[in-house]
Amino acid sequence: MSLADAIRSRRSVRGYLPDLVPDDELQQIFELAQWAPSNCNVQPWKVYVASGALRDRLSAEMQRRVREGVAPDPDYEYRGDFEGEYRTRQVECAVALYSEMGIARNDREGRQRAVMRNFEFFDAPYMAFIGMDKAFGTTVAIDVGMYAQNLMLTLVAHGLHSCPMGTMRNYPDLVREAFGLSEDNRILFGLAFGYEDTQVAANRTRTTRDPVASSVIMRSE
């Protein structure tokens, strides 16, 4: 698969098969992702991959907290109040997803079920929690994002898919406890990954991209 094909094939998949990836292939995937660029080559990303019984325990506890209304306590603040063109794109994405899932705008139960799917990890056999040391700030978080892009494209090249998930920052204490981490380890987001279940309706969702001219300005003088 060419890089161009991997970029165009990558999308957020919200339904997975239970099949596991061979350990040697996982090693190859993460070794390639490790070649991401970073400021002064500090390689700040920290990745904690849960599978098997640990994955199931984390999912169950997150679902319990959501059902019981336990307030999220993320390490990093999240802004979701998009405006203007950004709000337009956000709404278009939500409409595309919920339409495929058969969830109407006034279907509160259906929407809540869609939210809970996040904490079920979309049935993915792997959930990667991605973060960095608390000493780092916004500029270094950009490096972590570049690593995540490397990882997602590498997964596609290996016939896998993923879904980057901001909701996985909600309960970082669970991640630290599960992996025996100190408070210095902060969680930015999660990445569910595995083999796509093509029978899941949400996976039919497709989004578009604006013309290059909407975001790129080129000048020579």
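Select N41 to begin. N41 is in the loop between α2 (23-33) and β1 (46-50). Its phi is near 55°, a positive value in a residue other than glycine. Keep in mind throughout that this is a predicted model.

Next, jump to F121. F121 lies in the loop between α5 (108-119) and β2 (126-133). Here too a residue other than glycine has a positive phi, near 60° for F121. Is F121 buried or exposed? F121 counts as buried, because its relative accessibility is 0%, and buried means under 20%.

**Ring pairs**

Now show the aromatic side chains. The count comes to five aromatic pairs. Select W45 and Y147. These two rings are stacked, with 4.9 Å centre to centre and 20° between the planes. What does this pair tie together? W45 sits in the loop between α2 and β1, and Y147 in helix α6 (residues 138-157), so the contact joins parts that are 102 residues apart in sequence. W45 is buried, at a relative accessible area of 5%. Y147 is buried as well, at 2% relative accessibility.

Move on to Y48 and F179. Their ring centres are 5.5 Å apart and their planes are at 45°, so this pair is tilted. The cut-offs behind that label: under 30 degrees counts as stacked, over 60 as edge-to-face, and the rest as tilted. Trace the chain between the two partners. Y48 belongs to strand β1 and F179 to helix α7 (residues 172-179), 131 residues apart, and the pair links these distant parts of the chain. F179, at 25%, counts as partly exposed.

Then select F30, Y126 and F193 together. Ring pairs link F30, Y126 and F193 into a cluster.

**Surface patch**

Select Y78, F82 and Y86 and colour their surface. Together, Y78, F82 and Y86 make a nonpolar surface patch of about 360 Å². Zoom in on F82. Where is F82 found? F82 is in the loop between α3 (52-67) and α4 (84-101). At 37% relative accessibility, F82 counts as partly exposed.

Technical notes
Residues numbered from 1 in each chain as written. Predicted model: local features only at pLDDT ≥ 70, side-chain atom pairs only at ≥ 80, totals over all residues. Heavy atoms only, no water. Helix = DSSP H or I, 4+ residues; strand = E, 2+ residues; numbered from the N terminus. Buried < 20%, exposed > 50% of the residue type's maximum accessible area, 1.4 Å probe, protein only. Phe/Tyr/Trp six-rings, centres within 6.5 Å; stacked < 30°, edge-to-face > 60°. Patch = residues over 30% accessible without salt bridge, like charges linked within 9 Å, V, L, I, M, F, W, Y side chains within 5 Å. Areas by Shrake-Rupley, 256 points an atom, 1.4 Å probe, with all protein chains shown as cover. Salt bridge = Lys/Arg side-chain N within 4 Å of Asp/Glu carboxyl O.
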